[in-house]
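Please open the structure and keep it beside this note. The points below go through it step by step.

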Amino acid sequence: MFHGPRDVRIENVSDPDGPGPDGLVLEVLRAAICGTDASEWDHGPILCRPGVVLGHEFVGRIVDVGSDVAGPRIGDRVVSGAGISCGSCPWCRAGRTNLCAEYRTLGLQIDGGLAEYVASPAAICRHVPDSCDDDAAAMVQPLAVALHALSRVGQRSDESVVVIGAGGIGSFIIAGAARRAVAGRVVAVDIDAERLATAAALGATETVDATGLDLAGLLLELSGGVGFDVVIEASGAPHGPSAAIAGARRGGRVLLVGLHGAPRELDLTQMILREIDIVTTVAHVCDTDIPAALELLAGSDVAAVTAGPRIRLDALVEDGLRPLAERRAPGKILVDPRA
């Protein structure tokens, strides 16, 4: 339970008070820790509501079904999306549920899945095939975020792509981009050797350590002075957006993924004169991105490559949130609430 900065406690709380007519109650089989969870612990509340149970990346087994729910049954294994949308606002009606006017997130504003049991709307839950184990299924939500990001930039199979930042979401973006790059390049740039090794295992055609280097100059050097077709900024580093724009070719696209704690200065004139498209992304759309993530995880080694240690729930702070906040987490940390 999140109480404030550096104050996440493992506590006994009441079980969910039923699923509601349109909901499910899940026994959590596996959960994963997100960089957002670590940021909230480190210096929140940013998005978090104090007094909330954390956790928006999880898979569970249905133990109770709402009276109006058709399809899902007790005993089924399902993965839940993170965001709850209203279904009736203009954005929801247009299929952009991640931009819902009343958007709320499990584990941030509503009790989430770093617990033994969690309630979730049935509308954002999807059946998990037997070919996708619990560890892999716990990664569906962050992979869905990455696949949604790629859908925003419209990567083509013959394009040159560079991803700045091979951390949690960045690594999943690399995995998705590598599978679309039939005749193109996917270059991963980071300052951590282990992350770059993971990027290579996920299919990056090239990996580059940017430690101590001018990032904008490096991107131009890697692209023969022309720039990349697509530059994806997933690090959130202060200089990342301006370097990404400088490293895009004329008519290229820049996708901004990493969140920033302060405004950034950008050279708008250069963007205009080179006709650079700037695209942003947030969250995912359950109807499209969750099934795509399930399919990729069930048919690949992405989960095995990115998985880190599996920990007990009572070790969440010291073995999960702290190493993630201090950027020393070895892969995606998974939590077994039943251990």
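1. Start with strand β3 and strand β17 (residues 332-336): they pair in the antiparallel sense over two bridges. Strands pair if DSSP finds at least two bridges between them. Ala 32 stands opposite Leu 334 in β17. Strands (E, at least two residues) and helices (H or I, at least four) are DSSP runs, numbered from the N terminus.

2. A word on the source. This is a predicted model, where local features need pLDDT of at least 70, side-chain atom pairs count only at pLDDT 80 or more, and totals for chains, interfaces and linings use all residues. Residues are numbered from 1 along each chain as its sequence is written, and side-chain values use heavy atoms, with hydrogens and water left out.

3. β3 spans residues 23-32, and nine of its ten residues are buried. Buried means under 20% relative accessible area, exposed over 50%, and partly exposed in between (1.4 Å probe, protein chains only). β3 also pairs with strand β4 (residues 58-65), antiparallel, over seven bridges. There, Val 28 stands opposite Gly 60.

4. β3 has five bridges to strand β8 (residues 117-121), again antiparallel. Leu 24 has Ser 120 of β8 as its bridge partner.

5. Which side chain makes a polar contact with that of Ser 120? Ser 80 does, at 2.9 Å. A polar contact is a pair of N or O atoms within 3.5 Å; within protein, one must be able to donate a hydrogen and the other to accept it, and residues adjacent in sequence count only if both atoms are side-chain atoms.

6. Ser 80 sits in strand β5 (residues 77-80). Is Ser 80 buried or exposed? Ser 80 counts as buried because its relative accessibility is 0%. Leaving aside neighbours within four places in sequence, its contacts (heavy atoms within 4.5 Å) include Phe 58, Leu 106 and Gln 141.

7. Now the loops. Gly 44 and Pro 45 are joined by a cis peptide bond, with omega about 0°. Pro 45 lies in the loop between α1 (35-43) and β4.

8. Glu 275 is not a glycine, yet has a positive phi of about 50°. Its place is the loop between α9 (268-273) and β15 (277-280). Glu 275 counts as exposed because its relative accessibility is 61%.

9. Arg 327 also has a positive phi, near 60°, and is a residue other than glycine. The loop between α12 (316-325) and β17 holds Arg 327. At 54% relative accessibility, Arg 327 counts as exposed.
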